[in-house]
Amino acid sequence: MAAPGLRAQMDSLLLQLLRDLEELEAKRAALNARVEEGWFSLSKARYAMGAKSVGPLQYASRMEPQVCVYTSEAQDGLQKVWVVRASAQTPEEVGPCEAALRRRKGLSRTPEPESSPAPRDPLNWFGILVPHSLRHAQASFREGLQLAADMASLQIRIDWGRSQLGGLQEKLKQLEPQSA
Amino acid sequence: MLEGAEFYFNVDHGYLEGLVRGCKASLLTQQDYINLVQCETLEDVKIHLQTTDYGNFLANETNPLTVSKIDMEMRKKLCREFEYFRNHSLEPLSTFFTYMTCSYMIDNVILLMNGALQKKSVKEILAKCHPLGRFTEMEAVNIAETPSDLFNAVLVETPLAPFFQDCMSENTLDELNIELLRNKLYKSYLEAFYKFCKNHGDVTAEIMCPILEFEADRRAFIITLNSFGTELSKDDRETLYPTCGKLYPEGLRLLAQAEDFDQMRRVAEHYGVYKPLFEAVGDGSGGKTLEDVFYEHEVQMNVLAFNRQFHYGVFYAYTKLKEQEMRNIVWIAECISQRHRTKINSYIPI
């Protein structure tokens, strides 16, 4: 009878789903804490540097990304999301979101040293001598980025898990009346 | 020679000194700050500020009220008072006021140049410039490519002209050089202001010179602290230190060689004034930062300036105290709007 096997499968799937949900909640709390910390450090920087020195005047309206989001298919068919720093790549791995970022000197197979100027650190928008609270803010936001990518992957897994669970429940319902 | 400030001062400046002392009496008190800290929203902050000397300064603001609007309105109010003092002043007080506005002018020039680098529109930045630092050639600042262009084309008529002596190089203006330019201009300005006060002599020199010495040393410390881990070389760093403070010359030389906070602290321990300040700095994210400690010390010195009469320092002290009050209110407002009340009491009461 396939029902016990199905039930066992459903149980393990449910457990996995609950574990993922717990991890998601923990990551969400951590992300909120990082973002709050980041904004608070920005306020501290404003206190030290003057309110006009840390604000929308300091950055250009068009900026190049330092960090890009990538997706890929893992072996169980699920998409995984992660963030990659733009400067850490070799020229062959350029993804679709970086059209403007690198100037490739031909598609060589050997990894070249960086052929284009590295993207400017956003910290330097506010001057060279920035207070430490601004650096803390940058660090907090960077950690938050990684967490956000993990959360996106988890969310995809949870959605997939729920749809699987729904499918198994349907199958079970079909089996039950037959065996009755 | 009779040190006769008390004989001559009131003839030219007595009215303004009386006025500034009246303004000083209307600064926010500890009770006002306690009330502000207990506010839940920015609207409550606005209501509480109405009961103080600020009055209805936010009355014309449309919703939603933001921290930067509060900051801008407070700044406009300070500017109105300052302009009143300035318009009614006679020499040499007028020159003193001009010196005071130079620091804001330097900030505005740097803001405009940064904006040009980021390709922002001039109007946008002009709206955000500090009102005390306005000068007529402001709109033309963004066309300059090098410091000598900037000087010859734009700033030669302004009070900032004499401060450009050390900054004339052919480097193009990118971020590193703009920062260097800012610090060098400020250094020249501070040294010129110090010389002016010292030459004036009398009570003004007795009050202003220690304040300006502290400002110079504070800048040296903060530049050193912020330059750890950046691409600024030690020699470059040394050229940015103002030389009119207590740290000159040995302290500045030692400071230029410092590579971390502890070495900086050891330099400060040689000086009786700075040793207790560095001891008050908490470590990590818990206690006070160095900037907080310096702000507190500055507030103390400015409050003490009001204990003597017949000098120009009261005007400088009042402006700086008012700025600290604005920083306090903005800090409290930000803590309230971000709902992060743990450090809301880190303001510095006056």
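This is a predicted model: local features need pLDDT of at least 70, side-chain atom pairs count only at pLDDT 80 or more; totals for chains, interfaces and linings use all residues.
B:R339 is not a glycine, yet its phi is positive, about 55°. The residue is exposed, with a relative accessible area of 72%; buried means under 20%, exposed over 50% and partly exposed in between, with a 1.4 Å probe and protein chains only.

B:F310 belongs to the loop between α14 (290–305) and α15 (313–337) of chain B, and it is buried, with a relative accessible area of 17%. For context, most residues other than glycine have a negative phi, and most peptide bonds are trans.

## Two cis peptide bonds

Here are the cis bonds to look for. From B:E91 to B:P92 the peptide bond is cis, with omega near -10°, and B:P92 lies in the loop between α4 (67–87) and α5 (93–117) of chain B. Another cis bond runs from B:Y248 to B:P249, with omega near -5°; B:P249 is in the loop between α10 (234–240) and α11 (250–257) of chain B.

## The chain as a whole

Chain B has 15 helices and zero strands. Its C-alpha trace spans about 55 × 50 × 45 Å along the principal axes, and 55% of the 350 residues of chain B are buried.

## Notes on the model

Residues are numbered from 1 along each chain as its sequence is written, and chains are lettered from A in the order in which they are written. Local features need pLDDT of at least 70, and side-chain values use heavy atoms, leaving out hydrogens and water.

Note on methods: Helices (H or I, at least four residues) and strands (E, at least two) are DSSP runs, numbered from the N terminus.
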